[in-house]
Amino acid sequence: MLIAGNWKMNTDAAAAAQLAQDVCATVRTDAGVAVAVCPPFVHLTGVGSVLQGTPVRLGAQNMHAAGSGAYTGEVSAPMLVSVGCHYVILGHSERRQFFGEADDSVNAKVRQALSHGLTPIVCVGETLHERKADRAYAVVEKQVSVALRGVDASAPLVVAYEPVWAIGTGETATPAQAQSMHAYIRALLAKQFGKAAAADITILYGGSMKPANAADLVGQPDVDGGLIGGASLNARSFAAIVRAAQQAA
Ligand code: PEP
C-alpha cells in the first residue's frame with residue numbers, strides 16, 4: 001500500500017516545510033504502508049531535508065522527458081533524483097487538461113523516469129462526459145496501454161486511477177466503481193506483464209479521498225492506497241488516511 005500526497009501548486013517555502021514537519025510528526029508509518037509527499041518543484045529540496053531520516057518519501061508532480069537541454073522552465077529526471085525524489089507523478093489529469101499532455105508524452109516520461117531509478121505514479125482516468133458515454137473503460141485502457149508501452153515487467157510502477165470528475169470536486173467514486181476499474185486495470189497489467197507481476201503493481205485511487213471515505217476505498221481488494229490532493233494539505237487528515245490504509249493492509 002502507498003498513500004501519496006499531491007500538494008499541487010500550494011504552499012510557499014515556509015508553509016511547505018511546516019507541512020512536511022507536521023506530516024512527519026503526525027503520520028505513523030509502518031511496514032505495510034509507504035507514505036510520500038509530492039510538493040511543488042521549488043520546495044523539493046527544503047521538504048527533502050525535513051524528510052531526511054524519516055520513512056516519508058519525496059515525490060515530484062511532473063518532469064520533462066529529456067535528461068537535459070534547451071527546455072526553458074522544465075525539470076528533468078536526473079534533477080529530481082539529485083534532490084532525493086523517489087516518486088514522480090506523471091500524466092495527472094490537470095497536466096492533460098491544462099497543459100496538453102498526451103499519452104505518448106506520458107509514455108516518454110515514464111520510460112525516462114524508470115531509466116533514472118524514479119518510480120512513476122502514472123495517472124489515468126476518464127472525464128464525466130466519457131463515463132456518461134459509457135467510454136470509461138475504453139479511455140482508461142488506451143491511457144494505460146500507451147503510457148506503459150515498452151515498459152518491462154520488473155519496472156517499479158504505480159498506477160493511479162483518478163476519475164477526473166472526482167478530482168477536487170468533493171465527489172468520490174463509490175468503492176464499487178473504484179474496485180471495478182482497479183480490477184480492470186489489474187487485468188490490463190496482467191496482459192502486458194503477466195499475472196504475478198500485475199499482482200505486485202500498486203494501483204492507487206485518487207479523487208476526493210478523505211478520512212471519511214478512505215477506509216471504504218482502500219478496503220477494496222484491488223485498491224492499494226491513495227493519491228491524495230486536497231486532504232494532503234492538512235497533516236491530520238493525511239495521517240487519518242494513512243491510518244485507514246494501515247488498518248486495511
Ligand atoms: C489529485 O489531484 O491527485 C487528487 C486526487 O485531488 P483531490 O484529492 O483533491 O481530489
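The model is predicted: local features need pLDDT of at least 70 and side-chain atom pairs count only at pLDDT 80 or more, while totals for chains, interfaces and linings use all residues. Residues are numbered from 1 along each chain as its sequence is written, and side-chain values use heavy atoms, with hydrogens and water left out.

Glu126 is found in the loop between β5 (119–124) and α6 (128–132); helices (H or I, at least four residues) and strands (E, at least two) are DSSP runs, numbered from the N terminus. Glu126 has a relative accessible area of 0% and is buried (under 20% relative accessible area; exposed is over 50% and partly exposed in between, with a 1.4 Å probe and protein chains only). Apart from neighbours within four places in sequence, the residues in contact (heavy atoms within 4.5 Å) with Glu126 include Arg131, Tyr161, Trp165 and Met181.

Asp134, with a phi of about 65°, lies in the loop between α6 and α7 (136–147) and is exposed at 72% relative accessible area. Ser208, with a phi of about 55°, lies in the loop between β7 (202–206) and α10 (211–218) and counts as buried at 17%.

Oxygen atoms of the ligand lie 2.6 Å from a side-chain N or O atom of Lys8, 2.7 Å from one of His92 and 2.9 Å from a polar backbone atom of Gly229. The protein covers 96% of the 300 Å² of accessible area that the ligand has on its own (Shrake-Rupley method, 1.4 Å probe).

In helix α2 (residues 44–51), the buried residues are Leu44, Val47, Gly48 and Leu51. Seen down the axis of α2, these residues fall within an arc of 105° (taken from the directions from the helix axis to the C-beta atoms), so they line one face of the helix. They pack against α1 (13–26), β2 (34–38), β3 (57–60) and α3 (77–82).

Note on methods: Polar contact = N/O pair within 3.5 Å; in protein donor to acceptor, adjacent residues only side chain to side chain.
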